[in-house]
Amino acid sequence: MSKSLVPLTARRFALAAMCMTLPVFASALKTDTARSSITATFRQMNVPVDAKFGRFAAQISYDDAKPEAAKASVDIDIASFDLGDPDYNKEVLKNEWFNAARFPKASFVSTQIKPAAAGKLDVAGKLTIKGKTADVRFPLTLKKKGNADVFEGTLPIKRLTYNVGEGEWKDTGMVADDVVIKFHIVTRH
């Protein structure tokens, strides 16, 4: 893979990871995918690269009166990872990066959601990318906008934990190990 393709792959990875970090809560909510997003940011040759996941499904169950009963799960379609260039998008689906033919989805499943400061939740769960699962924890902000709930957060991960970037791409000098997944999930009751 050419070195210029690496940033795009990392972006896809970050987006997939971001999608997997969305929590599910006590009362089933309907996700507004048109107003929601999952992105990933990484560094290639020390330059930030942003990518997005175009297709994902978030199942969130939440009740303001019982936030500790909340649950969340997110499935991300790896083939929807968009680095902004069709050639880069094809490259990151290859075995060395996401191996999308074998692992078409990334996922997040919450294991615990606890209330924190006002409008904040502390979320723990399992993130699976490319067949590798790791425990993750991140803060989540919950905002009310009319009849919608907006869940926002960032989840920093290490791409090598999930074998994203194998072979020559394990060297983090070209593509950094750090990836930040950002999500903005809009739901309605």
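Student: Does Met45 count as buried or exposed?

Tutor: Buried means under 20% relative accessible area, exposed over 50%, and partly exposed in between, with a 1.4 Å probe and protein chains only. Met45 has 56% relative accessibility, so Met45 counts as exposed. The model is predicted, so local features need pLDDT of at least 70 and side-chain atom pairs count only at pLDDT 80 or more, while totals for chains, interfaces and linings use all residues. Residues are numbered from 1 along each chain as its sequence is written, and side-chain values use heavy atoms, with hydrogens and water left out.

Student: Where is Met45 found, and what is its phi?

Tutor: Most residues other than glycine have a negative phi. Met45 has a positive phi, near 50°, and is found in the loop between strand 2 (37-44) and strand 3 (47-53). Helices (H or I, at least four residues) and strands (E, at least two) are DSSP runs, numbered from the N terminus.

Student: Which value does phi take at Lys130, and is Lys130 buried or exposed?

Tutor: Lys130 is not a glycine, yet its phi is positive, about 55°. Lys130 lies in the loop between strand 8 (120-129) and strand 9. Its relative accessible area is 6%, so Lys130 is buried.

Student: How many helices and strands does the protein chain have?

Tutor: Two helices and eleven strands, in the order α-β-β-β-β-β-β-α-β-β-β-β-β along the sequence.

Student: In which sense do strand 4 and strand 5 pair?

Tutor: Two strands pair if DSSP finds at least two bridges between them. Strand 4 and strand 5 have six bridges and are antiparallel; Ile60 stands opposite Ala72 of strand 5. Strand 5 also runs antiparallel to strand 7, with five bridges joining them. Val74 has Phe108 in strand 7 as its bridge partner.

Student: How many salt bridges does a search of the whole structure find?

Tutor: Side chains of opposite charge can pair when their charged atoms come close. The criterion is a side-chain nitrogen of Lys or Arg within 4 Å of a carboxyl oxygen of Asp or Glu. The search finds eleven salt bridges. Among them is Asp64 with Lys144, whose closest N and O atoms are 2.9 Å apart. That pair links distant parts of the chain, 80 residues apart: Asp64 is in the loop between strand 4 (56-61) and strand 5 (71-77), and Lys144 is in strand 9 (residues 132-145). Both ends are partly exposed, Asp64 at 46% and Lys144 at 43%.

Student: Which side chain meets Lys144 at 2.8 Å, N to O?

Tutor: That of Asp149, in a salt bridge. Asp149 is buried, at 1% relative accessibility.

Student: Which parts of the chain does the pair of Asp178 and Lys158 tie together?

Tutor: Their side chains meet in a salt bridge of 2.4 Å, N to O. Asp178 lies in strand 11 and Lys158 in strand 10, so the pair ties together parts 20 residues apart in sequence. Asp178 is partly exposed at 44%, as is Lys158 at 40%. Elsewhere, salt bridges with shared partners join Asp32, Arg35 and Arg188 into one network.

Student: How many aromatic pairs does the search find?

Tutor: Rings of Phe, Tyr and Trp (its six-membered ring) pair if their centres lie within 6.5 Å; planes under 30 degrees apart count as stacked, over 60 as edge-to-face and the rest as tilted. There are six aromatic pairs. One of them joins Trp97 and Trp169, with ring centres 5.5 Å apart and planes at 40°, so the pair is tilted. Trp97 is in the loop between helix 2 (86-92) and strand 7 (105-115), and Trp169 is in the loop between strand 10 (148-158) and strand 11 (175-188), 72 residues apart. Trp97 is buried at 0% relative accessibility, and Trp169 is buried at 4%. Phe53, Phe81 and Phe98 form one aromatic cluster.

Student: What share of the residues of the protein chain count as buried?

Tutor: The share is 51% of the 189 residues. Contact means heavy atoms within 4.5 Å; of the contacts with a separation of 6 or more, 72% are between residues 24 or more positions apart.
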